[in-house]
Amino acid sequence: MSHDVIVIGGSFAGLSAAMQLARARRRVLVVDAGRPRNRFARASHGFFGQDGKAPAAIIEIARAQVQAYPTAQFIDAEATEARQHDDGFEVSIASGATYSARRLVLASGVVDELPELSGLRERWGATVLHCPYCHGFEVAGGRLAVLATAASAVHQALLLPDWSEEVTLFTNGAIEPDEAQRAALDARGVRIESTPVQGLLGEPPRLDGVRLADGRVVPLDALFTASRTRQASPLAEQLGCAFDDGPFGPVIRTGDRKETTVPGVFAAGDAARPAHNATWASSDGVTAGIAAHQSLALPAPLVAK
Ligand SMILES: Cc1cc2nc3c(=O)[nH]c(=O)nc-3n(C[C@H](O)[C@H](O)[C@H](O)COP(=O)(O)OP(=O)(O)OC[C@H]3O[C@@H](n4cnc5c(N)ncnc54)[C@H](O)[C@@H]3O)c2cc1C
(Lines give C-alpha, C1' and ligand atoms only; values in the text may rest on other atoms or scores of the structure.)
Protein backbone atom coordinates (compact mmCIF):
# COMPACT_ATOMS: atom_id res chain seq x y z
CA MET A 1 0.00 0.00 0.00
CA SER A 2 1.27 3.47 -0.80
CA HIS A 3 1.35 6.05 2.01
CA ASP A 4 0.70 9.76 1.91
CA VAL A 5 3.87 10.48 3.88
CA ILE A 6 6.84 8.44 5.06
CA VAL A 7 8.65 9.87 8.09
CA ILE A 8 12.23 8.69 8.56
CA GLY A 9 13.05 8.78 12.29
CA GLY A 10 10.63 8.24 15.17
CA SER A 11 11.97 10.52 17.89
CA PHE A 12 11.21 14.12 18.91
CA ALA A 13 11.04 15.53 15.36
CA GLY A 14 9.62 12.52 13.53
CA LEU A 15 6.86 11.72 16.03
CA SER A 16 5.82 15.39 16.15
CA ALA A 17 5.48 15.41 12.35
CA ALA A 18 3.65 12.08 12.31
CA MET A 19 1.21 13.27 14.98
CA GLN A 20 0.03 16.18 12.80
CA LEU A 21 -0.32 13.94 9.75
CA ALA A 22 -2.16 11.17 11.60
CA ARG A 23 -4.55 13.72 13.10
CA ALA A 24 -5.19 15.00 9.57
CA ARG A 25 -6.22 11.40 8.80
CA ARG A 26 -3.36 10.90 6.33
CA ARG A 27 -1.68 7.52 5.91
CA VAL A 28 1.68 8.07 7.57
CA LEU A 29 4.44 5.50 7.93
CA VAL A 30 7.19 6.09 10.49
CA VAL A 31 10.44 4.17 9.88
CA ASP A 32 12.67 4.26 12.94
CA ALA A 33 16.01 2.67 13.76
CA GLY A 34 15.56 3.37 17.50
CA ARG A 35 18.79 5.29 18.23
CA PRO A 36 17.80 8.80 19.44
CA ARG A 37 20.77 11.06 20.01
CA ASN A 38 20.18 11.61 23.74
CA ARG A 39 19.91 7.90 24.58
CA PHE A 40 23.20 8.19 26.55
CA ALA A 41 21.61 10.51 29.13
CA ARG A 42 19.66 9.11 32.09
CA ALA A 43 17.25 12.05 32.06
CA SER A 44 16.15 14.63 29.52
CA HIS A 45 15.65 18.19 30.74
CA GLY A 46 13.70 21.21 29.66
CA PHE A 47 11.12 19.48 27.45
CA PHE A 48 7.66 20.89 28.11
CA GLY A 49 5.77 18.75 30.64
CA GLN A 50 8.44 16.02 30.65
CA ASP A 51 11.35 17.56 32.55
CA GLY A 52 13.60 14.94 34.14
CA LYS A 53 12.06 11.89 32.43
CA ALA A 54 14.24 9.31 30.71
CA PRO A 55 14.53 10.02 26.95
CA ALA A 56 13.22 6.53 26.13
CA ALA A 57 10.16 7.05 28.37
CA ILE A 58 9.27 10.33 26.62
CA ILE A 59 9.56 8.72 23.20
CA GLU A 60 7.58 5.66 24.30
CA ILE A 61 4.61 7.81 25.38
CA ALA A 62 4.76 9.95 22.25
CA ARG A 63 4.95 6.89 20.01
CA ALA A 64 2.00 5.20 21.74
CA GLN A 65 -0.05 8.37 21.27
CA VAL A 66 0.73 8.55 17.54
CA GLN A 67 0.17 4.81 17.13
CA ALA A 68 -3.36 5.18 18.55
CA TYR A 69 -4.44 6.97 15.35
CA PRO A 70 -5.79 4.52 12.77
CA THR A 71 -3.82 5.86 9.80
CA ALA A 72 -0.42 5.77 11.53
CA GLN A 73 1.90 2.83 10.95
CA PHE A 74 5.36 2.07 12.34
CA ILE A 75 8.29 -0.04 11.18
CA ASP A 76 11.32 -0.57 13.40
CA ALA A 77 14.04 -0.61 10.77
CA GLU A 78 16.87 1.32 9.17
CA ALA A 79 15.91 3.09 5.96
CA THR A 80 18.81 2.51 3.60
CA GLU A 81 17.78 4.24 0.40
CA ALA A 82 15.31 6.82 -0.91
CA ARG A 83 14.52 7.54 -4.56
CA GLN A 84 12.23 9.92 -6.33
CA HIS A 85 9.78 8.50 -8.87
CA ASP A 86 7.06 10.01 -11.05
CA ASP A 87 4.42 10.65 -8.41
CA GLY A 88 6.43 10.52 -5.21
CA PHE A 89 9.18 8.65 -3.44
CA GLU A 90 10.26 5.10 -2.69
CA VAL A 91 12.10 4.11 0.50
CA SER A 92 13.98 0.84 1.02
CA ILE A 93 14.73 -0.60 4.43
CA ALA A 94 17.59 -2.89 5.46
CA SER A 95 15.58 -6.10 4.80
CA GLY A 96 15.12 -5.01 1.16
CA ALA A 97 11.40 -4.20 1.51
CA THR A 98 10.29 -0.98 -0.18
CA TYR A 99 7.54 1.52 0.64
CA SER A 100 6.23 4.43 -1.37
CA ALA A 101 4.68 7.77 -0.49
CA ARG A 102 3.87 11.11 -2.04
CA ARG A 103 5.89 13.08 0.50
CA LEU A 104 8.87 12.40 2.77
CA VAL A 105 9.81 13.89 6.13
CA LEU A 106 13.47 13.33 7.05
CA ALA A 107 13.77 13.42 10.84
CA SER A 108 16.72 11.10 11.23
CA GLY A 109 18.91 13.28 13.46
CA VAL A 110 22.66 13.43 13.69
CA VAL A 111 25.49 11.34 15.13
CA ASP A 112 28.01 12.85 17.55
CA GLU A 113 31.67 12.45 16.67
CA LEU A 114 33.31 12.81 20.05
CA PRO A 115 36.82 14.15 20.66
CA GLU A 116 39.33 11.27 20.89
CA LEU A 117 40.38 11.41 24.51
CA SER A 118 40.93 8.56 26.94
CA GLY A 119 37.90 8.15 29.24
CA LEU A 120 35.62 10.61 27.42
CA ARG A 121 33.28 8.33 25.45
CA GLU A 122 32.16 6.26 28.47
CA ARG A 123 31.09 9.44 30.32
CA TRP A 124 29.13 10.99 27.42
CA GLY A 125 25.71 12.13 28.60
CA ALA A 126 26.60 11.61 32.29
CA THR A 127 29.60 13.73 33.33
CA VAL A 128 30.77 14.72 29.84
CA LEU A 129 28.03 17.00 28.58
CA HIS A 130 27.21 18.92 25.43
CA CYS A 131 24.90 21.66 26.72
CA PRO A 132 24.45 23.55 30.01
CA TYR A 133 20.77 24.24 29.29
CA CYS A 134 20.11 20.48 29.13
CA HIS A 135 22.31 19.32 32.03
CA GLY A 136 23.91 22.35 33.74
CA PHE A 137 21.42 22.53 36.62
CA GLU A 138 22.28 18.97 37.69
CA VAL A 139 26.01 19.78 38.04
CA ALA A 140 25.58 23.35 39.30
CA GLY A 141 27.99 24.40 42.02
CA GLY A 142 30.50 21.71 41.01
CA ARG A 143 33.95 22.07 39.48
CA LEU A 144 33.12 22.58 35.80
CA ALA A 145 35.23 22.85 32.66
CA VAL A 146 34.95 23.25 28.91
CA LEU A 147 37.13 21.17 26.62
CA ALA A 148 37.59 23.29 23.48
CA THR A 149 37.05 21.67 20.11
CA ALA A 150 36.05 24.82 18.22
CA ALA A 151 35.61 28.58 18.60
CA SER A 152 32.20 28.04 20.26
CA ALA A 153 34.07 26.84 23.39
CA VAL A 154 34.67 30.45 24.47
CA HIS A 155 30.94 31.16 24.27
CA GLN A 156 30.16 28.08 26.38
CA ALA A 157 32.86 28.95 28.93
CA LEU A 158 31.43 32.46 29.25
CA LEU A 159 27.98 31.03 30.03
CA LEU A 160 29.05 28.41 32.56
CA PRO A 161 29.70 30.79 35.49
CA ASP A 162 25.91 31.05 35.78
CA TRP A 163 26.05 27.40 36.90
CA SER A 164 29.24 27.48 38.99
CA GLU A 165 31.89 29.81 40.34
CA GLU A 166 34.63 27.31 39.48
CA VAL A 167 35.03 27.09 35.69
CA THR A 168 38.10 26.20 33.62
CA LEU A 169 38.49 26.48 29.85
CA PHE A 170 40.91 23.90 28.41
CA THR A 171 42.01 25.35 25.08
CA ASN A 172 43.62 21.97 24.26
CA GLY A 173 45.37 23.23 21.13
CA ALA A 174 42.00 23.76 19.43
CA ILE A 175 41.62 27.49 20.06
CA GLU A 176 43.69 30.50 21.06
CA PRO A 177 41.45 33.12 22.73
CA ASP A 178 42.28 36.67 21.62
CA GLU A 179 42.78 39.56 23.99
CA ALA A 180 39.11 40.59 24.10
CA GLN A 181 38.02 37.01 24.78
CA ARG A 182 40.63 36.64 27.53
CA ALA A 183 39.38 39.83 29.17
CA ALA A 184 35.76 38.63 28.96
CA LEU A 185 36.67 35.21 30.39
CA ASP A 186 38.66 36.88 33.16
CA ALA A 187 35.73 39.17 34.00
CA ARG A 188 33.49 36.10 34.34
CA GLY A 189 36.06 34.36 36.56
CA VAL A 190 36.92 31.62 34.03
CA ARG A 191 40.40 30.14 34.35
CA ILE A 192 42.21 29.41 31.06
CA GLU A 193 44.42 26.31 30.89
CA SER A 194 46.45 25.85 27.72
CA THR A 195 48.32 22.65 28.60
CA PRO A 196 46.69 19.83 26.58
CA VAL A 197 44.38 17.37 28.35
CA GLN A 198 45.63 13.80 28.27
CA GLY A 199 42.76 11.84 29.80
CA LEU A 200 39.81 11.74 32.18
CA LEU A 201 40.12 10.29 35.67
CA GLY A 202 37.76 8.40 38.01
CA GLU A 203 35.46 5.40 37.82
CA PRO A 204 33.07 6.07 34.88
CA PRO A 205 30.52 7.53 34.68
CA ARG A 206 31.86 9.55 37.63
CA LEU A 207 34.48 12.16 36.79
CA ASP A 208 37.17 12.99 39.33
CA GLY A 209 39.30 15.21 37.11
CA VAL A 210 41.59 15.35 34.10
CA ARG A 211 45.29 14.67 33.73
CA LEU A 212 47.22 17.25 31.72
CA ALA A 213 50.16 16.54 29.40
CA ASP A 214 52.61 17.92 32.00
CA GLY A 215 51.33 15.45 34.62
CA ARG A 216 49.23 17.88 36.65
CA VAL A 217 45.73 16.78 37.71
CA VAL A 218 42.81 19.23 37.62
CA PRO A 219 39.92 18.01 39.84
CA LEU A 220 36.54 18.24 38.10
CA ASP A 221 32.93 17.14 38.48
CA ALA A 222 31.75 17.70 34.89
CA LEU A 223 33.27 18.53 31.52
CA PHE A 224 31.38 20.26 28.69
CA THR A 225 32.43 19.79 25.10
CA ALA A 226 30.98 20.31 21.63
CA SER A 227 31.05 17.28 19.33
CA ARG A 228 31.22 17.50 15.55
CA THR A 229 28.03 16.07 14.09
CA ARG A 230 27.28 14.16 10.91
CA GLN A 231 23.94 13.19 9.40
CA ALA A 232 22.65 9.92 10.88
CA SER A 233 21.22 8.79 7.53
CA PRO A 234 22.39 9.13 3.92
CA LEU A 235 18.86 9.71 2.55
CA ALA A 236 19.00 13.52 2.18
CA GLU A 237 22.20 13.23 0.18
CA GLN A 238 20.80 10.40 -1.96
CA LEU A 239 17.76 12.54 -2.80
CA GLY A 240 19.96 15.50 -3.80
CA CYS A 241 18.96 17.84 -0.94
CA ALA A 242 21.24 20.86 -0.46
CA PHE A 243 23.17 21.25 2.80
CA ASP A 244 24.51 24.24 4.71
CA ASP A 245 27.55 24.31 6.99
CA GLY A 246 26.31 24.52 10.58
CA PRO A 247 28.51 25.34 13.59
CA PHE A 248 28.79 21.63 14.47
CA GLY A 249 28.41 19.94 11.07
CA PRO A 250 26.33 19.81 7.86
CA VAL A 251 22.65 20.77 8.13
CA ILE A 252 19.94 19.92 5.56
CA ARG A 253 18.84 23.24 4.02
CA THR A 254 15.13 24.00 4.58
CA GLY A 255 12.82 26.99 4.21
CA ASP A 256 10.43 28.39 6.82
CA ARG A 257 8.05 25.47 6.29
CA LYS A 258 10.87 22.92 6.60
CA GLU A 259 10.74 21.89 2.94
CA THR A 260 14.17 20.97 1.58
CA THR A 261 15.51 22.03 -1.81
CA VAL A 262 13.87 18.87 -3.24
CA PRO A 263 10.12 19.58 -3.59
CA GLY A 264 8.04 17.14 -1.57
CA VAL A 265 10.88 16.32 0.83
CA PHE A 266 10.66 17.98 4.25
CA ALA A 267 13.27 17.78 7.00
CA ALA A 268 13.04 18.45 10.74
CA GLY A 269 15.00 18.24 13.96
CA ASP A 270 18.76 18.12 14.53
CA ALA A 271 19.37 17.01 10.94
CA ALA A 272 17.92 20.26 9.61
CA ARG A 273 18.82 22.99 12.10
CA PRO A 274 22.12 24.43 13.33
CA ALA A 275 21.29 24.48 17.08
CA HIS A 276 19.98 21.38 18.79
CA ASN A 277 17.43 20.72 21.52
CA ALA A 278 14.50 18.32 21.84
CA THR A 279 11.90 21.10 21.94
CA TRP A 280 13.22 22.75 18.79
CA ALA A 281 13.27 19.33 17.10
CA SER A 282 9.67 18.73 18.09
CA SER A 283 8.63 22.20 16.96
CA ASP A 284 10.27 21.68 13.58
CA GLY A 285 8.52 18.33 13.31
CA VAL A 286 5.13 20.02 13.79
CA THR A 287 6.01 22.56 11.09
CA ALA A 288 7.17 19.84 8.68
CA GLY A 289 4.13 17.64 9.34
CA ILE A 290 1.66 20.46 8.77
CA ALA A 291 3.52 21.71 5.70
CA ALA A 292 3.62 18.20 4.20
CA HIS A 293 -0.10 17.81 4.85
CA GLN A 294 -0.97 21.17 3.27
CA SER A 295 1.17 20.37 0.23
CA LEU A 296 -1.04 17.30 -0.28
CA ALA A 297 -4.37 18.94 0.52
CA LEU A 298 -4.14 22.29 -1.26
CA PRO A 299 -3.78 23.14 -4.94
CA ALA A 300 -0.14 24.12 -5.60
CA PRO A 301 -0.71 27.90 -5.99
CA LEU A 302 -2.36 28.03 -2.56
CA VAL A 303 0.44 26.27 -0.67
CA ALA A 304 2.39 28.86 1.34
CA LYS A 305 6.07 28.91 0.49
C1 LIG B 1 23.92 13.19 25.47
C2 LIG B 1 22.83 14.13 25.02
C3 LIG B 1 21.90 14.57 25.94
C4 LIG B 1 20.89 15.47 25.53
N5 LIG B 1 20.03 15.94 26.46
C6 LIG B 1 19.06 16.81 26.08
C7 LIG B 1 18.16 17.33 27.07
O8 LIG B 1 18.25 17.03 28.26
N9 LIG B 1 17.20 18.20 26.63
C10 LIG B 1 17.09 18.58 25.31
O11 LIG B 1 16.20 19.37 24.98
N12 LIG B 1 17.93 18.07 24.38
C13 LIG B 1 18.90 17.21 24.73
N14 LIG B 1 19.77 16.72 23.79
C15 LIG B 1 19.54 17.06 22.37
C16 LIG B 1 18.44 16.13 21.82
O17 LIG B 1 18.86 14.79 22.03
C18 LIG B 1 18.24 16.34 20.33
O19 LIG B 1 18.05 17.72 20.05
C20 LIG B 1 16.98 15.56 19.88
O21 LIG B 1 17.13 14.18 20.19
C22 LIG B 1 16.77 15.74 18.38
O23 LIG B 1 15.64 15.03 18.00
P24 LIG B 1 15.52 14.42 16.54
O25 LIG B 1 14.17 13.79 16.48
O26 LIG B 1 15.88 15.45 15.53
O27 LIG B 1 16.67 13.32 16.42
P28 LIG B 1 16.93 12.04 17.33
O29 LIG B 1 16.32 12.17 18.66
O30 LIG B 1 18.40 11.78 17.27
O31 LIG B 1 16.15 10.88 16.57
C32 LIG B 1 16.46 10.47 15.27
C33 LIG B 1 15.82 9.10 15.06
O34 LIG B 1 15.96 8.74 13.68
C35 LIG B 1 16.43 7.40 13.61
N36 LIG B 1 17.15 7.19 12.36
C37 LIG B 1 18.34 7.72 11.95
N38 LIG B 1 18.65 7.26 10.72
C39 LIG B 1 17.64 6.44 10.35
C40 LIG B 1 17.39 5.67 9.20
N41 LIG B 1 18.24 5.64 8.16
N42 LIG B 1 16.27 4.92 9.15
C43 LIG B 1 15.38 4.93 10.18
N44 LIG B 1 15.57 5.67 11.31
C45 LIG B 1 16.67 6.40 11.39
C46 LIG B 1 17.34 7.27 14.83
O47 LIG B 1 17.58 5.90 15.12
C48 LIG B 1 16.51 8.01 15.89
O49 LIG B 1 15.56 7.17 16.49
C50 LIG B 1 20.79 15.87 24.17
C51 LIG B 1 21.76 15.41 23.25
C52 LIG B 1 22.77 14.57 23.67
C53 LIG B 1 23.80 14.11 22.68
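**Close-up 1. Aspartate 4 is a buried residue, with 20 other C-beta atoms within 10 Å.** Welcome to this predicted model; the tour starts at one residue. A residue counts as buried here when 20 or more other C-beta atoms lie within 10 Å of its own, so aspartate 4 qualifies. Aspartate 4 belongs to strand E1, which covers residues 3-8. Setting aside neighbours within four places in sequence, aspartate 4 is in contact with Leu21, Arg26, Arg27, Val28, Ala101, Arg102, Arg103 and Leu296. Take leucine 21 from that list: 17 residues separate aspartate 4 and leucine 21 in sequence, and their C-alpha atoms are 8.9 Å apart in space.

**Close-up 2. Helix H7 takes in residues 278-297.** Look for the buried residues of H7, among them Ala278, Ala281, Ser282, Gly285 and Ala288. In an α-helix there are 3.6 residues a turn, so residues three or four places apart point the same way. The cover over the buried residues of H7 includes E1, helix H1 (12-23), strand E6 (98-106) and strand E19 (265-267).

**Close-up 3. Three strands form an open sheet in the order E12-E13-E14.** The pairing is antiparallel. Strand E12 (197-201) and strand E14 (217-219) are at the edges with a single partner strand each, so one side of each has no neighbour in the sheet. From one strand to the next, the twist averages 25°.

**Close-up 4. Strand E13 (residues 209-212) and E14 run antiparallel, joined by three bridges.**

How values were computed
Residues are numbered from 1 along each chain as its sequence is written. This is a predicted model: local features need pLDDT of at least 70, side-chain atom pairs count only at pLDDT 80 or more; totals for chains, interfaces and linings use all residues. Two strands pair if DSSP finds at least two bridges between them. Helices (H or I, at least four residues) and strands (E, at least two) are DSSP runs, numbered from the N terminus. Axes are lines fitted to C-alpha atoms, for helices over the stretch in contact, and angles run from 0 to 180 degrees between N-to-C directions. A residue is buried if 20 or more other C-beta atoms lie within 10 Å of its own, exposed if 12 or fewer, and partly exposed in between; C-beta atoms are placed from the backbone. Two residues are in contact if their C-beta atoms, placed from the backbone, lie within 7 Å. The expected span of a helix is 1.5 Å times one less than its number of residues.
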